[in-house]
Amino acid sequence: MKCSKAIPAALLLALTLTACGSTAGTTEQTVGETVFRYGTVAYGPEMANAGLNPHEAYSGWSAVRYGVGETLFRLSETMELEPWLAESWEWVDDTTLSITLRDDVTFSSGRTMDGQAVKECLDHLVAVHDRAPGDLNIAAIEADGQTVTITCNAPNPALPNYLSDPYGAIIDMDYGTDGVDETRNVAGTGPFVAYEVADDHIYLNKNETYWGGVPQVDRVEVRSITDGDTLTMALQAGQLDAVQGLPYASLELFADESQYTISSADTSRVFFGAYNYETPALQDIQVRQAIAMAIDRDSFTEVLLHGNGTPAVGPFSFDTDGVTASAYDPEAARSLLAEAGWTDSDGDGYVDKDGQTLTIRWLTYPGRQELPLLAEAAQATLQEVGIQVEINSTANHLGVLESGDWDVYVSAFVAAPTGDPAYFFTTHCLDSSAKNRGGYHSDELEAQAAQLAGTFDPAERAALGTAMSQTILDDCGYFFASYLRMNFVMNNRVMGFTAHPSDYYEITAQLSVGE
């Protein structure tokens with residue numbers, strides 16, 4: 001749907017409130033108060049980031065994105081690691097990292113952030129989180145004033161990078177129960193303090209005692225709006241100041257630079273597919289390769305994404321020169337299927353074998369607008385080579401994953417959010433990975449990962465990351481469709497709201513909303 005600029009106010013209000021869900025709590029603006037109203041598709045249960053508890057699933061992303069939580073380290077705009085709540089760090093030996101903390105930071109609860117507070121937070125993170133224990137591999141944490149010493153069970157050169165992951169946001173564990181109150185709120189160190197947390201919105205006040213200076217806006221309202229047309233119309237009518245996740249076809253409506261600003265960043269978020277290795281047909285590398293060769297990545301990014309993406313080769317957008325993947329080639333895909341014994345014996349347009357049609361149950365979710373588009377595009381091109389695709393695009397994708405009722409799971413993932421190549425592989429591709437959805441295994445990749453775990457030199461780590469990418473591509477272990485270009489669209493009153501390549505630094509103390 002292409003939106004008109006003339007929107008009936010009553011219709012817009014109804015649409016916006018429907019999309020935002022509950023409007024409990026005050027949203028009225030008082031005299032002299034500055035409010036930033038932000039609509040995003042990237043918050044809620046479907047994204048596993050509802051609430052602000054960094055120790056639960058991906059809710060740390062919400063804590064960091066919305067200015068509540070901060071990590072010991074952060075990434076620059078060039079994806080270089082730098083201190084944040086930490087002042088400095090050094091490796092004492094291959095397994096021991098010493099971190100000196102800033103001495104001017106307090107939690108929104110009023111507690112001083114010292115070594116003991118950081119130790120308590122990280123100890124709890126490792127005890128309860130699904131990914132952090134394997135990533136951090138911590139044997140012990142010691143606190144002494146503003147110094148924290150972390151000892152790992154084995155060399156872990158990527159430890160500072162992993163501590164920049166939003167799950168590493170430092171919160172006051174004395175707040176609520178285990179650091180979280182009954183509303184999923186936390187006491188962080190950031191420029192904003194939440195006063196209302198729900199599945200479809202978060203409302204925040206500025207943190208008057210923020211260590212980085214008093215924020216320039218008084219209040220922030222973050223609303224989950226998953227319908228692209230509603231998001232578009234709400235920004236047009238001034239009901240929102242900024243949005244993330246607009247339909248690409250809507251971007252042209254905001255091209256007038258006298259009214260709107262678009263901040264864009266090429267990110268390391270990749271749209272990729274994992275195979276369920278419990279499915280007999282997908283245990284055949286020729287079938288997996290045929291699927292990858294039947295996906296038209298160029299058309300997907302140029303036509304459906306309106307150029308707001310780059311065709312993917314492997315997991316990393318910054319490493320495309322060092323890896324090779326099968327190109328879009330329907331004829332070669334048909335030949336591979338035939339070699340594997342899949343032919344159209346009954347003339348119905350789909351290949352079959354031993355009386356069974358090759359049918360792929362394609363699982364994805366609608367929270368990322370690109371994913372249903374990719375599913376429909378792949379359904380069409382896979383049909384051309386004789387593969388039937390049944391699409392299940394559901395907000396309950398995590399439940400379907402657990403049930404095993406899927407063959408291909410296509411999701412969006414920031415492959416290098418910590419600026420280090422280990423992250424994607426340790427999260428998705430190893431026997432020990434928390435998100436190895438389909439049970440992928442490679443002896444070669446396991447050996448490379450073990451080598452990477454003990455390599456401190458950045459250039460050697462980068463080279464190993466490239467080799468590991470090529471390993472999973474040679475094995476057709478996964479397929480990769482596109483890297484994302486992220487867009488923030490805002491009215492011209494908004495300043496200091498800038499897209500970042502890491503995809504999780506959004507609302508900061510520098511954000512301002514003018515008259």
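Asp503 and Arg269 join their side chains in a salt bridge, at 2.7 Å from N to O. (A salt bridge here is a side-chain nitrogen of Lys or Arg within 4 Å of a carboxyl oxygen of Asp or Glu.) Asp503 sits in the loop between strand 20 (494-495) and strand 21 (512-513), while Arg269 belongs to strand 12 (residues 260-275), so the bridge ties together parts that are 234 residues apart in sequence. Are these two buried or exposed? Asp503 is buried, at 2% relative accessibility, and Arg269 is buried too, at 6%. Buried means under 20% relative accessible area, exposed means over 50%, and partly exposed is in between, using a 1.4 Å probe and protein chains only.

A word on the ground rules. This is a predicted model, where local features need pLDDT of at least 70 and side-chain atom pairs count only at pLDDT 80 or more, while totals for chains, interfaces and linings use all residues. Residues are numbered from 1 along each chain as its sequence is written, and side-chain values use heavy atoms, with hydrogens and water left out.

Now for Arg111, which has a salt bridge with Asp172 at 2.9 Å, N to O. Arg111 is in the loop between strand 5 (96-101) and helix 3 (115-128), and Asp172 is in the loop between helix 5 (159-162) and strand 8 (192-197), so this pair links parts 61 residues apart in sequence. Arg111 also bridges to Asp174, with the closest N and O atoms 3.2 Å apart. Asp174 comes from the loop between helix 5 and strand 8, so its bridge to Arg111 ties together parts that are 63 residues apart in sequence.

Asn185 is buried, with 5% relative accessibility. Which residues does Asn185 touch, not counting those up to four places away in sequence? Leu52, Tyr175, Gly179, Val180, Ala194, Tyr195 and Val197. Contact means heavy atoms within 4.5 Å.

Next, hop over to Leu473, in helix 14 (residues 458-474). Leu473 is buried as well, with a relative accessible area of 13%. Setting aside neighbours within four places in sequence, its contacts are Val313, Gly314, Val323, Thr324, Ala325 and Phe480.

Time to zoom out. The chain's secondary structure comes to 14 helices and 21 strands; helices (H or I, at least four residues) and strands (E, at least two) are DSSP runs, numbered from the N terminus. Of the 515 residues, 56% are buried. Among contacts with a separation of 6 or more, 69% are between residues 24 or more positions apart.

What about overall shape? The C-alpha trace spans about 70 × 65 × 40 Å along its principal axes. The radius of gyration is 24 Å, which agrees with the value near 24 Å that a compact globule of 515 residues would have. That radius is taken over C-alpha atoms, and the globule rule is 2.2 Å times the number of residues to the power 0.38.

To finish where we began, a search of the whole structure finds 25 salt bridges.
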